[in-house]
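I opened a new notebook page for this structure.

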Amino acid sequence: MSDDVSTATDESPSKRAVVLLSGGMDSATAAYEARKRGYEIYALHTSYGQRTEDRELECARRLADELDAADFLQIETGHLSAIGASSLTDDEMAVEDADMESDEIPTSYVPFRNANLLAMAVSYAEANDCDAVFIGAHSEDFSGYPDCRPAFFEAFENVVDVGTKPETEIAIEAPFVEWSKTDIAERGVDLDVPYEHTWSCYRENEPACGTCDACAFRLQAFQNVGVRDPIEYAERPSYVDQA
């Protein structure tokens with residue numbers, strides 16, 4: 001697994017990568033990073049019963065079009081919703097307001113979701129002779145989500161090595177795993193990521209609430225880099241410490 005960010009120039013793709021394209025800010029930036037590194041994009045989007053799945057799918061499709069992806073695959077993973085135990089999929093659980101100082105695992109954690117998603121992505125990658133799978137996880141994710149830690153991705157890459165054909169070589173690429181959300185926003189601005197076609201809110205399809213964890217970290221990142229987040233919010237609290 002590589003956690004550095006290449007500065008290679010755009011060239012005609014000679015290699016292929018599956019990108020887990022949720023429609024959110026991080027996955028969109030990872031997709032544009034993969035393209036910058038010279039990969040042809042195979043976009044994989046999963047709908048698992050999350051509250052905003054319709055908006056996320058719309059954004060993922062638009063991003064795939066913007067990226068001129070070689071393929072776009074949507075997979076329904078309703079078993080994650082059936083399993084439950086997450087406020088993203090269980091209507092009986094409230095999506096909490098952001099607590100950006102907490103080290104507790106939030107209710108939005110979907111049990112072992114990334115293992116499920118990466119397994120599908122590796123299947124898709126092996127079937128299409130892809131060289132890598134990209135995921136947009138970052139350091140502020142793994143503080144609360146155990147399946148976003150660097151050790152998890154390293155372990156999963158070992159699973160891929162053992163569980164695929166002898167000639168198959170697929171790298172698990174989490175290019176931002178040691179980065180903050182602010183770092184990602186800054187990189188995305190440099191890459192001209194069309195953030196107006198992304199969605200992060202855990203609660204609403206339109207407008208974004210502005211106060212859930214996902215909205216808070218996203219707004220803070222844009223506020224830190226001095227760029228206005230282009231999507232619509234019900235409210236835009238300041239998440240930057242005032243001097």
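I began with Arg218. This residue is buried, with a relative accessible area of 0%. I use "buried" for under 20% relative accessible area, "exposed" for over 50%, and "partly exposed" for in between, with a 1.4 Å probe and protein chains only as cover.

A note on the source before I go on. This is a predicted model, in which local features need pLDDT of at least 70, side-chain atom pairs count only at pLDDT 80 or more, and totals for chains, interfaces and linings use all residues. Residues are numbered from 1 along each chain as its sequence is written, and side-chain values use heavy atoms, with hydrogens and water left out.

**Entry 1: the partner of Arg218**

Which residue meets Arg218 in a salt bridge? I found Asp229, at 2.7 Å from N to O. My cut-off for a salt bridge is a side-chain nitrogen of Lys or Arg within 4 Å of a carboxyl oxygen of Asp or Glu. The pair links distant parts of the chain, eleven residues apart. Arg218 sits in helix α8 (213-225), and Asp229 in the segment after α8. I checked the cover of Asp229 too: it counts as buried, at 2% relative accessibility.

**Entry 2: the overall layout**

I stepped back to the whole protein. I counted eight helices and five strands. Helices (H or I, at least four residues) and strands (E, at least two) are DSSP runs, numbered from the N terminus. Along the sequence I read the pattern β-α-β-α-β-α-α-β-α-α-β-α-α. The protein has 243 residues, and buried ones make up 51% of them.

**Entry 3: β1 and β2**

In what sense do β1 and β2 pair? They are parallel, and I found six bridges between them. Two strands count as paired if DSSP finds at least two bridges between them. Ala17 stands opposite Ile41 in β2. I then looked at how covered β2 is. Eight of its nine residues are buried.

Glu40 pairs with Arg16, and their closest N and O atoms are 3.7 Å apart. Glu40 is in β2 (residues 39-47) and Arg16 is in β1 (residues 15-20), so the pair ties together parts that are 24 residues apart in sequence. Glu40 is partly exposed, at 28% relative accessibility. Arg16 is partly exposed as well, at 31%.

How many salt bridges does a search of the whole structure find? I got nine. Side chains of opposite charge can pair when their charged atoms come close.

I looked at Glu58 next. Its partner is Arg55, with the closest N and O atoms 4.0 Å apart. Both lie in helix α2 (residues 53-66), three residues apart, which is about one helical turn. Arg55 is buried, at 15% relative accessible area.

I also found a network of salt bridges. Its members are Glu33, Arg37, Glu173 and Arg187.

**Entry 4: a contact across the sequence**

I picked Leu118 in helix α4. Is Leu118 buried or exposed? It is buried, with a relative accessible area of 0%. I then compared Leu118 with Val18. They are 100 residues apart in sequence, and their C-alpha atoms are 9.9 Å apart in space.

**Entry 5: a negative patch**

Which residues form a negative surface patch? I listed Asp129, Asp131, Asp161 and Glu169. Patch members have over 30% relative accessible area and no salt bridge; like charges are joined within 9 Å, and nonpolar side chains (Val, Leu, Ile, Met, Phe, Trp, Tyr) within 5 Å.

Last, I looked at the backbone. The peptide bond from Glu206 to Pro207 is cis, with omega near -10 degrees. Pro207 is in the loop between α7 (181-190) and α8.

Asp192 is found in the loop between α7 and α8 as well. Its phi is near 60 degrees, a positive value in a residue other than glycine. Asp192 is exposed, at 63%.

Asp68 also has a positive phi, near 55 degrees. I placed Asp68 in the loop between α2 and β3 (71-76). It counts as exposed, at 67% relative accessibility.

Technical notes:
Areas by Shrake-Rupley, 256 points an atom, 1.4 Å probe, with all protein chains shown as cover. Lys, Arg positive; Asp, Glu negative; His and termini not counted. Charge placed at Lys NZ, Arg CZ, Asp CG, Glu CD.
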